Amino acid sequence: MRHQQLPASAEVVRRVQETADIFTLQLRLDDPSDPSLLTIQPGQFNMLGVFGVGEVPVSFKALTNDHDGTPLLEHTIRAVGRVTRALSALKPGDRIGVRGPFGHGWPLAEAQAKDVCVITGGLGCAPAVSVVEHLFVNRSAFGRIHIIQGVRHSDDLIWRTQYEAWARQPDTEVQLAADSAAPDWPWFSGRVTELIKRLSLQPERTRVYCCGPEPMMRASAEQLITQGVNEDAIWLSLERNMQCATGHCGHCQFGADFICRDGPVFNYPHIRDRLGLKGV
């Protein structure tokens, strides 16, 4: 798979503060004629770097167009460390380095003509947005779409209007849950797994794409299997401390696999026995 080994320079075109510590950057490449970064697929990631500070892996959210048709990369980031805080301080006109795309994305080709269930937790919704947008752009190629999003607190939900717009699409089900909900929360109060029990799935034709905290993903996968979904039809996106993005530094080793090189999307049976193991 071809990817950008040296950072390409990109300009911050737009910055959106989603919550107190989550923000989205819209990036325009200085040299959009190089197509490598624009081949990014749902589920893959780029390395975003602040010159003189460092770089971090960030899942791809969307590929849009500027007013003049120039392609823009969108990444949503939580400010939790030195590099991500430096990224959060950027403003339109600033420049950053972009390397990518890296990793294996969601197996969307094998989901054609099937129902698709996208389950996310917390900021796990960011890499899932690119999946959902792909499904709607190619709507006739897929069956029923189920979108399930869980957050720890109702105030953590971002892109509420986007979920409401998706819910208006034909043959689409959107369910939102909060472990802890404010009084005006109009959706479900409780865990994502409880929402899964309510889904009217056709298990034999359902493909599942799940991202978020590992305990949530494992619980969701096991609940779906209980409801008849084949474990081979379930795919999870994992996160680790990825630094080189090519499987050389060893920071993201996960048993016999490296998240950056062999993932971040894995078939559930392949990693089932390693999920939640201390030190793995």
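Author: Let us begin with a hairpin that β5 and β6 form with 5 residues between them, where G69 in the turn has a positive phi of about 90 degrees. Strands here are DSSP E runs of at least two residues, and helices are H or I runs of at least four, numbered from the N terminus. The model is predicted, so local features need pLDDT of at least 70 and side-chain atom pairs count only at pLDDT 80 or more, while totals for chains, interfaces and linings use all residues. Residues are numbered from 1 along each chain as its sequence is written, and side-chain values use heavy atoms, with hydrogens and water left out.

Reader: How many bridges pair β5 and β6, and in which sense?

Author: They pair over 4 bridges in the antiparallel sense, and T64 stands opposite L72 in β6. Two strands are said to pair if DSSP finds at least two bridges between them.

Reader: Is β6 enclosed or open to the outside?

Author: Strand β6 (residues 71-78) is largely enclosed by the rest of the structure, because 6 of its 8 residues are buried. Buried means under 20% relative accessible area, exposed means over 50%, and partly exposed is in between, with a 1.4 Å probe and protein chains only.

Reader: And which residue of β6 is the bridge partner of L25?

Author: That partner is H75, and β2 and β6 pair in the antiparallel sense over 6 bridges. Strand β2 (residues 22-29) is also joined by 7 bridges to β1 (residues 8-17), again antiparallel, with L27 in β2 as the bridge partner of V12.

Reader: What is the strand order of the whole sheet?

Author: The open sheet has 7 strands in the order β4-β3-β7-β1-β2-β6-β5, with antiparallel pairing. Its edge strands, each pairing on one side only, are β4 (54-59) and β5 (62-65).

Reader: Changing topic, what does α5 pack against?

Author: The buried residues of α5 pack against β8 (115-121), α4 (192-198), β12 (206-211), β13 (234-237) and α7 (268-271); those buried residues are E214, M216, M217, S220, A221, Q223 and L224. Helix α5 (residues 214-226) has 13 residues and reaches 18 Å from its first C-alpha to its last, close to the 18 Å expected at 1.5 Å a residue, where the expected span is 1.5 Å times one less than the number of residues. After α5 comes G228, whose phi is positive, near 105 degrees.

Reader: Which residues touch the most other members of the largest nonpolar core?

Author: They are I119, L224, I234, L236 and L238, in a core of 35 residues. Its largest share, 4 residues, comes from α5. A nonpolar core is a set of buried Ala, Val, Leu, Ile, Met, Phe, Trp, Tyr and Cys residues joined through side-chain atoms within 4.5 Å. Apart from it lies another core, of 30 residues, among them A126, I147, Y163 and L176.

Reader: What is I234 in contact with?

Author: Leaving aside neighbours within four places in sequence, I234 is in contact (heavy atoms within 4.5 Å) with residues including V208, A221, L224, F266 and N267.

Reader: Is N267 buried or exposed?

Author: N267 is buried, with a relative accessible area of 17%, and its place is in strand β16 (residues 265-267). A polar atom of the N267 side chain lies 3.0 Å from the backbone oxygen of D232.

Conventions. A polar contact is a pair of N or O atoms within 3.5 Å; within protein, one must be able to donate a hydrogen and the other to accept it, and residues adjacent in sequence count only if both atoms are side-chain atoms.
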